[in-house]
Amino acid sequence: MLLETSGVVRSLSWHGDALVDVVGGGRRWAADGTEHRAEVSWGSLLDRAVSHRRYAVLYVERGTKAVLVKDGKLLRELNRSYYLAEAYDYPVALGTLPDGLDVIAHCPDRYNVLEIEELESGRRITTGDRDPADVFHSQLQFSPDGRRLLSVGWMWHPVGVAHVFDVERAVVVPAALDGEGLLPLATGRDADIVSACWLDADRLAVAAGDDVWGGEQGAVLGPQQLGIWSFAESAWVHRHSSDRPLGALLGRGNRLVSLSGHPRALSAETGELLVEWPEVRVPERRTSYGRTDEPSPVAALHPDGRRLAVAGAGGIHLLLVP
C-alpha cells in the first residue's frame, strides 16, 4: 500500500495506527491514509527526529543543532560538539528508566562523553568524575526496559564499534557510561560494526560490515555477519552470515528489517530472508559515519513488529512483515 504525501517525508513514527512526521511539523496519516496538515513549521534545517511518548528530538543529522519538543511545542534547544560533527550522525536517544522517569541520552559537551538528563527539566543525572574512551558515539538507543543504552559509533582508523552501558549503574556512577560497557570488547574489534538494534529488553542484534580489524581467526563477529546477543545468557545465541550489506536495522521480537538499497525482512533466529521489497528504494547507506551524500533511511517499524512504514519516492510505503 502506498500513502500519497504532499511533500518530502523527513521522519516517521507510529502513534497507535497513525503515522507522524515530526520534522514535518506533525503531519499525520490516519489508518485510512488520510493526510492531516502540519501543525507547526520547524524550518528546513532540521532533517531527522526520534520520538518517545509525548516527546521528540528534531535534529540536523550531520550538524550540531537540535530541539526538544513536547506535544509539538518547543521545550529547549540542544547542541553537540562541533568536532567532526559533519562526519557522523547526531547521537541522541529518548527513553524511560525503570522508575518511570523520561530521559534523554546525548553528548551535549564532548563527542566522547555520554550524558543522561531528565527530559522535562533538563536536569543532568550523570554528574561526577569521567574517564571517556576516544569513541565518537552515534546511533544511541535505550533498551525497551530502560536499563541499558546502546551506542554504535566509531573510532580511528576509522572503524565502527558497538557498546552497551548499564544505565541504572550510570545514574549512581556516571563513569559506567565510559569504557568497554557490557558487550565483549571484541564485539567492536573483530569486525567493523555498522549497526545494531534491540529486539527486546534482553536481546540485541548487531551487524558487521565487510572490514575485519584484527584478523578473522577466532573473530566474535566476522565480516558481514549478523549476531544476536543475549544479556541474560551473556552469549551470542545466534550468528548468521549475510550475502549482502545489512545497513540500518529495525527489530521486534524475532523479526528484523534490514535497510540497505531496499527493505528486507529477516528471521533473527536463523538469518533467513523472509521477504524483500526491491521496488521500494532506500539509501545504500551502511554506517552512521563517513559518506555524506546519502542520508539515513526514513522508516518505522510498528510495535507489533508486523507493519513497516518506509518513506520513498511517491509517498510512504506500508509493508507487511510476515
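Mentor: Begin with a definition: buried means under 20% relative accessible area, exposed over 50%, and partly exposed in between (1.4 Å probe, protein chains only). This is a predicted model, where local features need pLDDT of at least 70, side-chain atom pairs count only at pLDDT 80 or more, and totals for chains, interfaces and linings use all residues. Residues are numbered from 1 along each chain as its sequence is written, and side-chain values use heavy atoms, with hydrogens and water left out.

Trainee: Is Arg-285 buried or exposed?

Mentor: Arg-285 has a relative accessibility of 9%. The cut-off for buried is under 20%, so Arg-285 counts as buried.

Trainee: Which residue forms a salt bridge with Arg-285?

Mentor: A salt bridge is a side-chain nitrogen of Lys or Arg within 4 Å of a carboxyl oxygen of Asp or Glu. The closest N and O atoms of the pair are 2.7 Å apart. The two residues are 196 apart in the chain, Arg-285 lying in the loop between β23 (273–276) and β24 (299–301) and its partner in the loop between β9 and β10; strands (E, at least two residues) are DSSP runs, numbered from the N terminus. The partner is Asp-89.

Trainee: How many salt bridges does the structure hold?

Mentor: One of them joins Asp-178 and Arg-130, and these two also belong to a network with Asp-109, Glu-115, Glu-117 and Arg-124. The total is 22.

Trainee: Which residue does a cis peptide bond join to His-157?

Mentor: Most peptide bonds are trans. Here omega is about 25°. The residue joined to His-157 is Pro-158.

Conventions. Helix = DSSP H or I, 4+ residues; strand = E, 2+ residues; numbered from the N terminus.
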